[in-house]
Amino acid sequence: MEAGKTLLRVLSGNAVWPPPLWLMRQAGRYLPEYRALRERAGDFLTLCTTPELAAEATLQPVRRFGLDAAILFSDIPLLPWALGRPLAYEEGKGPVFPPLRSAGEVAALDPARLRGAMAPVLETIRAVRRELPASAALIGFGGGPFTLACYLVDGGAGEFLATRRMAREEPALLGALIDRLTETTVAWLAAQAEAGAEALMLFDSWAGLLPPALFRRFVIAPTARIVSALRELAPGVPLIGFPRLAGLMLGPYASLTGLDAVGLDTVAEPEIAAAVVPAKVALQGNLDPLALLAGGSALAEEARTIALALRGRPHIFNLGHGVLPETPPAHVAELARLVRSL
Ligand code: CP3
């Protein structure tokens, strides 16, 4: 580990003041230079799978704001796409898949395709590592198996009723899908670490849709399996989980998965989260993206309140969810200045 990378120091359990800073969705449409790149690529999937363009998108926010981490420019639905599921991006709707409802469709998800389909993404990681400032760490990522299952089973964003019904009415089928996604996520994240990702994050954005017993079965158990497999395959690479809207299940999630850090969503109160998460697990978050969008004194006050509440704990400053496309880049610059001068 390079001593200069504060993100990695925090992820190995040290409190650092002021805390390191990066933002979920730090690369994206709020940046004019991203919009130009996206136009050059034509469509989003092409941008994700063209290493020189994806590396540039990864580096843009780090260069502009001097952030402490870069997050690989890619997307969580790329894993099931790489396993053979057709993926489209519809304007304003996000990722769309043909709904997956049968055991045959689960069995057809083909791990043998993974390496080939993902080769450009691994090349992006190598390209970013060549250019990243010495103080910034590169984070690789994947979707939590349950969140990936939500997009696959329902076919696109919404209330994910088909997935939630499957959890109750056909648990063996959802279990088989989640097993397949768990195994391939291990391979996918291990490959990212091998290519040069210095930390790995699991985005389980829809984890909070499940009641406790199903949360344990379809969120905590597969996450724990991913963590223990990666301890063998990518030793020393810290692991962050983001069980969005987990509420009171954050404590069991943090204690039972073995993760090095957990991301706090917008509704988690930092003091309460700090009380239920084991002290050795780092906390990441959790400024409201709408405070960043609004800017001004509320942004400054809320950012300071979060940082002070978690001072003395291993803490990575971040948002509670992604940067909104309407956010003025000047507000991000202001947040970076604020956190630096705490
Ligand atoms: O800067 C970064 O965070 C790096 C890359 C990244 C993207 N998506 C790029 C992206 C990461 C880490 C993600 C994670 C992701 N993707 C999640 C988990 C986090 C969360 O937001 O809850 C989820 C659920 C997805 C699935 C996804 N991809 C959705 C729902 C959407 C549509 C919403 C939107 O903002 O358009 C996407 C598209 C997407 N992923 C874009 C980007 C930059 C927008 C693409 C474009 O139009 O240019």
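Where does asparagine 286 lie? Asparagine 286 is in strand β8, residues 282-287.

Some ground rules before going on. This is a predicted model, so local features need pLDDT of at least 70 and side-chain atom pairs count only at pLDDT 80 or more, while totals for chains, interfaces and linings use all residues. Residues are numbered from 1 along each chain as its sequence is written, and side-chain values use heavy atoms, with hydrogens and water left out.

Asparagine 286 has a relative accessible area of 4%, so it counts as buried. The cut-offs for that label are under 20% relative accessible area for buried and over 50% for exposed, with partly exposed in between (1.4 Å probe, protein chains only). The side chain of asparagine 286 also reaches the backbone oxygen of alanine 268 at 2.6 Å. That is a polar contact, meaning a pair of N or O atoms within 3.5 Å; within protein, one must be able to donate a hydrogen and the other to accept it, and residues adjacent in sequence count only if both atoms are side-chain atoms.

There is a cis bond from tryptophan 17 to proline 18 too, with omega near -10°. Proline 18 belongs to the loop between α1 (6-11) and α2 (32-41).

Then there are the phi angles. Most residues other than glycine have a negative phi, and most peptide bonds are trans. Phenylalanine 160 has a positive phi near 55°, and sits in the loop between α8 (145-154) and α9 (161-169). With 1% relative accessibility, phenylalanine 160 is buried. Leucine 245 has a positive phi as well, about 65°. Leucine 245 is in the loop between β6 (239-243) and α12 (250-257), and at 41% relative accessibility it is partly exposed.

**The ligand site**

Which residues come nearest to the ligand? Of the 21 residues around the ligand, those are Arg29, Tyr34, Arg38, Asp75 and Ser205. To count as near, a residue needs one of its heavy atoms within 4 Å of the molecule.

| Residue | Protein atom | Ligand atom | Distance |
|---|---|---|---|
| Glutamine 26 | polar backbone atom | oxygen | 3.2 Å |
| Alanine 27 | polar backbone atom | oxygen | 3.0 Å |
| Aspartate 75 | polar side-chain atom | nitrogen | 2.5 Å |

On its own the ligand has 860 Å² of accessible area, and the protein covers 88% of that. Accessible areas come from the Shrake-Rupley method with a 1.4 Å probe; for residues, only the protein chains shown count as cover.

The space the ligand takes up is the largest pocket. A pocket is found on a 1 Å grid over the protein atoms alone, as an open set of points where a 1.4 Å probe fits, with protein on both sides within 12 Å along at least five of seven lines. A molecule sits in a pocket if more than half of its atoms lie within 2 Å of the pocket's grid points. The elements giving two or more residues to the shell around the ligand are α2 and β3 (94-96).

**Cysteines**

How many disulfides does a search of the whole structure find? The search finds zero, taking a disulfide as a pair of cysteine sulfur atoms within 2.5 Å. Cysteine 48 has 0% relative accessibility and so is buried. Cysteine 150 is also buried, at 0% relative accessibility.

**Sequence versus space**

A few residue pairs show how the chain is laid out. Leucine 335, in helix α16 (residues 329-340), is buried at 0% relative accessibility. Leucine 335 and alanine 107 are 228 residues apart in sequence and 46 Å apart in space, C-alpha to C-alpha.

Glutamate 170 is in the loop between α9 and α10 (171-195), and at 40% relative accessibility it is partly exposed. Glutamate 170 and arginine 101 are 69 residues apart along the chain, with 9.9 Å between their C-alpha atoms.

Finally, alanine 274 belongs to helix α13 (residues 270-276) and is buried, at 18% relative accessibility. Alanine 274 and leucine 310 are 36 residues apart along the chain, and their C-alpha atoms are separated by 7.4 Å.

Conventions: Helix = DSSP H or I, 4+ residues; strand = E, 2+ residues; numbered from the N terminus. 1 Å grid on protein atoms, 1.4 Å probe; cavity = no way out; pocket = protein on both sides within 12 Å on 5 of 7 lines; lining within 4 Å.
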